Amino acid sequence: MKIVLLYGGQSAEHDISIISAHNISKEIMYDVYTVQPVYITRGGVWLKGPIMDKPLEAAEQLRLEQAFVGSWAEKVGDISTGTVINPGEIKEEDAIVFPVLHGPNGEDGTIQGFLEVLNMPYVGAGVTASATGMDKILSKQLFEQAGLPQIPYIAFDQREWLAERDILMQKIEGSLLYPLFVKPANMGSSVGISRVQNSLELETAIQEALKYDRRIVVEQGISAQECEVAVLGNDDAHASVVGLLVKESEFYDYEEKYINNTVGMQIPAQIDSAVADKIQEYALRAYRALDGSGLSRVDFFLTNNNDIFINEINTMPGFTQFSMYPSLWRETGLETRDLIEELLQLALKRHAIRQALKKA
């Protein structure tokens, strides 16, 4: 079977996608599969690379829009540029898509809907779970219906901000206590997110967040540790051990997370077993609330009093060498190579179930 490895994309998480795709490609069983890399440039052009029958040496080889020369070419070997294709040309018989796309236009249901139209099996969450998982406002509403504890927040859109700025500022400062976190509703990897301590910083942060989305969430800041759980499966989903982020600062931006890698991981988290069980239970409840399938990483806050609050769910979590999702499963007893194979099989099973449903 051929795996169509779909990566890159037009979101701010483009580079993370390339690193994730490279790490996944290193763990594929090439005695069973071949890999067709398809790279989406930042400009939205789809490029098809040569078939892979073994892992590439470097993630940069997956940037099919450029040919490298000189010292780089000597280091990694000959690199071919990709061939421009129409998106629909990825459709093939006996092929499965692994969309390693983070953020908007990849993790938000758009690519998933496109693959549904092509009637191709694909790894990860479906349209509904992807769209609601990406949208912080919709996911918070679903978490509330599922009875999951959350920190206080206020959500609004650009129209409200432009028309009622003073009223919104009064509402935020009258309901929530500083420090606050300002977030675009649809964005990941801390892009566009700010921690603020006063009114001036709040207004500036909202203007910054509006550059990334027209809908905004302002959340109450709390003193807490951040815990994460990996979920794997379709209707029979199960949760990994709990992991804890080890940080020296209260907030880490994109560069600290992915470039400088100053966030450590404690796996399994050194917390009370009953608390860990509750976090795992909440993770599965959140997964089912969104109708998750394939995989997700569910993030929580844990206070010194062992109060648990769900933060968010990521339906296509990072697969970089620093990422929590594969690390959690390794510590749970599932090696990354076996994890990738399980994700492929889960995708095929879900596709078979959908094919068996009556169409009219």
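This is a predicted model: local features need pLDDT of at least 70, side-chain atom pairs count only at pLDDT 80 or more; totals for chains, interfaces and linings use all residues.
A pocket is an open set of grid points with protein on both sides within 12 Å along at least five of seven lines. Asp235, Asp291, Ser293, Arg350 and Arg354 are the closest to the pocket centre, out of 15 lining residues. Two elements give two or more residues to this lining: helix 4 (127-134) and helix 12 (336-356). By class, the lining of the second largest pocket holds 5 nonpolar, 5 polar and 5 charged residues.

Helix 4 also packs against helix 5 (residues 136-145). The two axes come within 5 Å and cross at roughly 105 degrees. Angles from 65 to 115 degrees count as roughly perpendicular, so helix 4 is roughly perpendicular to helix 5. On the helix 4 side, the contact is made by Thr132, Gly133 and Met134. Helix 5 meets them with Lys136, Leu138, Ser139 and Leu142. The residues of this contact comprise 3 nonpolar, 3 polar and 1 charged.

The loop between helix 3 (110-118) and helix 4 contains asparagine 119. Phi of asparagine 119 is near 60 degrees. This is a positive value in a residue other than glycine.

A second helix pair was examined. Two packed helices are described by the angle between their axes and the distance between the axes. For helix 7 (residues 165-175) and helix 8 (residues 199-209), the angle is about 120 degrees and the axes lie 12 Å apart. Helix 7 and helix 8 are therefore oblique to each other. Helix 7 passes helix 8 in a right-handed crossing. Helix 7 brings Arg165, Met169, Ile172 and Glu173 to the contact. Helix 8 supplies Ser199, Leu202, Glu203, Ile206 and Gln207. By class, the residues of the contact of helix 7 with helix 8 are 4 nonpolar, 2 polar and 3 charged.

Cis peptide bonds were also examined. One joins tyrosine 178 and proline 179, with omega about 0 degrees. Proline 179 sits in the loop between helix 7 and strand 7 (180-184). Another cis bond runs from isoleucine 267 to proline 268, with omega near -5 degrees. Proline 268 belongs to the loop between strand 12 (264-266) and helix 10 (273-289).

Terms used
Residues are numbered from 1 along each chain as its sequence is written. Side-chain values use heavy atoms; hydrogens and water are left out. On a 1 Å grid over the protein atoms alone, a cavity is a set of points where a 1.4 Å probe fits but cannot get out, and a pocket is an open set with protein on both sides within 12 Å along at least five of seven lines; lining residues have an atom within 4 Å of a point. Helices (H or I, at least four residues) and strands (E, at least two) are DSSP runs, numbered from the N terminus. Ala, Val, Leu, Ile, Met, Phe, Trp, Tyr, Cys and Pro count as nonpolar, Asp, Glu, Lys and Arg as charged, and the others, Gly among them, as polar. Axes are lines fitted to C-alpha atoms, for helices over the stretch in contact, and angles run from 0 to 180 degrees between N-to-C directions. Angles under 35 degrees count as roughly parallel, over 145 as roughly antiparallel, 65 to 115 as roughly perpendicular and the rest as oblique. A crossing is left-handed if the near helix is turned anticlockwise from the far one by less than a right angle, and right-handed if clockwise. Contact means heavy atoms within 4.5 Å.
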